[in-house]
Amino acid sequence: MKEFSKTWKSSKKPRKQRKYRLRSTLHIKQRLLHSHISKDLRKKFGKRSIGLRKGDKVRVMRGQFKKHEGKIEKIDLKKIRVSVSGIELTKKDGTKKLLDLHPSNLTITELNLDDKFRQKILDRTK
């Protein structure tokens, strides 16, 4: 299997786009974990999207759980997926499992500003 290509720019083929995301390194996958922010936060910080962090409050925009809100419980960087509290699937044996969502299907409604580095990034844009 070939390593991740640093020279790859873009392709119209979905197969190559999926391959790029699958084989990309973790620092590139971190950039793929960004999500749009709500309109009031957009006005406040002057940004369109920001990276997701554990503790952010998000709203689901697509899928079975559309319009549900909850806090981010877990972020899976390798799979580029996010688990949100309150969004669970009930399995056949009755146990509940957190549903993994793609960050593009989420909108951030409230930011977790405990991290000083994240606060610096947001202050820089004001």
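Where in the protein is the place of Lys67? In this predicted model, Lys67 occupies the loop between β3 (57-60) and β4 (69-76). The phi angle of Lys67 is near 75°, a positive value in a residue other than glycine. Most residues other than glycine have a negative phi. With a relative accessible area of 66%, Lys67 is exposed. A positive phi, of about 55°, is also found for Ile80, which is not a glycine either. Ile80 is placed in the loop between β4 and β5 (81-90). In contrast to the exposed Lys67, Ile80 counts as buried, because its relative accessibility is 6% and the limit for burial is under 20%.

The overall architecture comprises four helices and seven strands. Along the sequence these elements follow the pattern α-α-β-α-β-β-β-β-β-β-α. The C-alpha trace spans about 50 × 40 × 25 Å along its principal axes. Of the 126 residues in the protein, 28% are buried. Among contacts with a separation of 6 or more, 43% are made by residues 24 or more positions apart. The protein exposes about 9,500 Å², and carbon and sulfur atoms supply 50% of this area.

Charge is a further aspect of the model. The protein carries 40 positive and 13 negative charges, whose mean positions are 11 Å apart. Lys13, Arg15, Lys16, Arg18, Lys19 and Arg21 form a positive surface patch. Lys13 counts as partly exposed, at 45% relative accessibility.

Side chains of opposite charge can pair when their charged atoms come close. Four salt bridges are counted in the model. One of them joins the side chains of Asp115 and Arg53, with an N to O distance of 2.5 Å. Asp115 lies in the loop between β7 (106-110) and α4, whereas Arg53 lies in the loop between β2 (49-51) and β3, so this pair ties together parts that are 62 residues apart in sequence. Asp115 is partly exposed, at a relative accessible area of 32%, and Arg53 is likewise partly exposed, at 29%.

Another salt bridge links the side chains of Asp56 and Arg118, at 2.8 Å from N to O. Because Asp56 is in the loop between β2 and β3 and Arg118 is in helix α4, the pair connects parts that are 62 residues apart in sequence. Both Asp56 and Arg118 are buried; for Arg118 the relative accessible area is 2%. Helix α4, which contains Arg118, covers residues 116-124. Leaving aside residues up to four places away in sequence, Arg118 touches Ile50, Gly51, Arg53, Asp56, Leu111 and Asn112. By comparison, Arg118 and Lys97 are 21 residues apart in sequence, and their C-alpha atoms are 30 Å apart in space.

Arg59 and Glu69 also form a salt bridge, in which the closest N and O atoms are 2.8 Å apart. Arg59 is located in strand β3 and Glu69 in strand β4, so the bridge ties together parts that are 10 residues apart in sequence. Arg59 is partly exposed, with a relative accessible area of 29%, and Glu69 is partly exposed, with a value of 36%. Through salt bridges that share partners, Lys57, Arg59 and Glu69 are joined into one network.

Definitions and conventions:
Residues numbered from 1 in each chain as written. Predicted model: local features only at pLDDT ≥ 70, side-chain atom pairs only at ≥ 80, totals over all residues. Heavy atoms only, no water. Patch = residues over 30% accessible without salt bridge, like charges linked within 9 Å, V, L, I, M, F, W, Y side chains within 5 Å. Areas by Shrake-Rupley, 256 points an atom, 1.4 Å probe, with all protein chains shown as cover. Lys, Arg positive; Asp, Glu negative; His and termini not counted. Charge placed at Lys NZ, Arg CZ, Asp CG, Glu CD. Buried < 20%, exposed > 50% of the residue type's maximum accessible area, 1.4 Å probe, protein only. Helix = DSSP H or I, 4+ residues; strand = E, 2+ residues; numbered from the N terminus. Contact = heavy atoms within 4.5 Å.
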